[in-house]
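Open the model in your viewer and keep the selection panel at hand. The tour goes from one selection to the next and says what is there.

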Amino acid sequence: MSGTPTAPAPTGPIWPVRLATHVWHPNGPTGQALLLHGLGSDGTTMWRLASHLADRGYLVAAPDLRSHGRSPVASDHRIEALTEDIAALGSSWDLVVGHSLGGAVAAHLLTRQDVEVACALLIDPVLELEPAAREPVRAVQRAEVGRLEATAVAAANPRWSPMDVDRKVLAAASCTPDVVDRVIDHNPSWDLADIAAAWRARVHLLAADPSLGALLAPDTAARLVDGERITSTTVAGAGHSVHRDDPASVLAAIDALLGAT
């Protein structure tokens with residue numbers, strides 16, 4: 001792999017696609033929650049968080065992002081395009097949770113005037129991607145899509161449950177390396193930190209351990225935190241997939257945002 005862009009970044013209008021969406025507790029009386037997965041995953045990989053929220057009485061929607069899972073394959077992978085798809089799913093959410101790429105999409109969603117969000121949990125979101133980091137991230141992400149062996153995934157991620165391993169293998173099989181390339185190449189100026197000023201929701205940033213491959217840099221989180229509307233914690237010992245490495249910390253963060261019952 002040379003790192004040469006597979007296609008130039010699109011510049012034309014953005015057309016949404018209709019996303020395949022997994023729904024838990026369709027008539028949940030408590031409220032509505034939206035879960036956004038990361039690059040190379042799909043909505044089913046958020047199963048643990050979805051089940052927890054459904055148990056609390058929430059309707060939970062976890063879409064497969066475009067070119068992932070059972071959603072349509074698209075040519076445009078600008079963050080704005082992925083966000084347009086999500087905005088078509090609903091205009092009011094009590095909670096939005098986004099991991100990695102899903103965190104970047106959530107960050108954009110939180111700036112939209114046509115979508116109301118009460119609170120959001122961004123799990124090690126990719127808010128910035130420095131030029132020097134682009135090719136290392138590309139290489140790692142390319143290796144995590146396509147046909148994966150469950151034994152290798154389990155060995156590389158000893159803290160994951162068997163279901164997390166199996167869902168990752170199935171999700172990866174529905175995503176191809178060219179999607180990784182397009183997500184990176186279609187967003188040449190990947191710096192979303194400045195848009196935090198437009199967030200109206202309460203937002204908690206849940207960062208992975210910097211020594212274990214965190215993609216939310218500590219200085220970025222520190223720059224955004226104001227201690228009230230935007231808060232942050234780092235989960236020691238957890239890698240980028242915090243919700244798989246240390247699910248208890250993520251469930252606790254969700255409960256703290258919503259108010260434990």
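Which strands does helix 1 lie across? Select residues 47–55, which are helix 1, and then strand 1, strand 2, strand 3, strand 4 (92–99) and strand 5 (116–123): helix 1 lies across these strands. Helix 1 runs at about 160° to strand 3. Contact here means heavy atoms within 4.5 Å. Axes are lines fitted to C-alpha atoms, for helices over the stretch in contact, and angles run from 0 to 180 degrees between N-to-C directions. Helices (H or I, at least four residues) and strands (E, at least two) are DSSP runs, numbered from the N terminus.

Two notes on the model come before the next stop. This is a predicted model, in which local features need pLDDT of at least 70 and side-chain atom pairs count only at pLDDT 80 or more, while totals for chains, interfaces and linings use all residues. Residues are numbered from 1 along each chain as its sequence is written, and side-chain values use heavy atoms, with hydrogens and water left out.

**The whole chain**

Show the chain as a cartoon. There are 10 helices and seven strands. The radius of gyration, taken over C-alpha atoms, is 17 Å, close to the 18 Å that the globule rule (2.2 Å times the number of residues to the power 0.38) gives for 261 residues, so the chain is as compact as a globular protein of that length. The C-alpha trace spans about 50 × 45 × 35 Å along its principal axes.

Seven of them form an open sheet with mixed pairing, in the order 1-3-2-4-5-6-7. Strand 1 (21–24) and strand 7 (230–234) are the edge strands, and each pairs on one side only. Two strands pair if DSSP finds at least two bridges between them. Neighbouring strands of the sheet are turned by 15° against each other on average, direction ignored.

Zoom in on residues 31–36 (strand 2) and residues 58–63 (strand 3), which pair in the parallel sense over four bridges. Glutamine 32 has leucine 59 in strand 3 as its bridge partner.

**Helix 1 and helix 10**

Show the side chains of Arg48, Leu49, His52 and Leu53 in helix 1, which meet Pro247, Val250, Leu251, Ile254, Asp255 and Leu258 in helix 10.

**Helix 4 and helix 7**

Select residues 131–142 (helix 4) and residues 177–185 (helix 7), which pack at an angle of about 155° with their axes 9 Å apart. Helix 4 and helix 7 are therefore roughly antiparallel to each other (over 145 degrees). The residues in this contact include Arg134 and Val137 of helix 4 and Pro177 and Val180 of helix 7.

**Helix 2 and helix 3**

Last, select residues 79–87 (helix 2) and residues 101–109 (helix 3), which pack at an angle of about 70°, with their axes 9 Å apart. That makes helix 2 roughly perpendicular to helix 3 (65 to 115 degrees). Among the residues making the contact are Ile79 and Leu82 of helix 2 and Leu101 and Ala104 of helix 3.

Conventions
Parallel < 35°, antiparallel > 145°, perpendicular 65-115°, else oblique.
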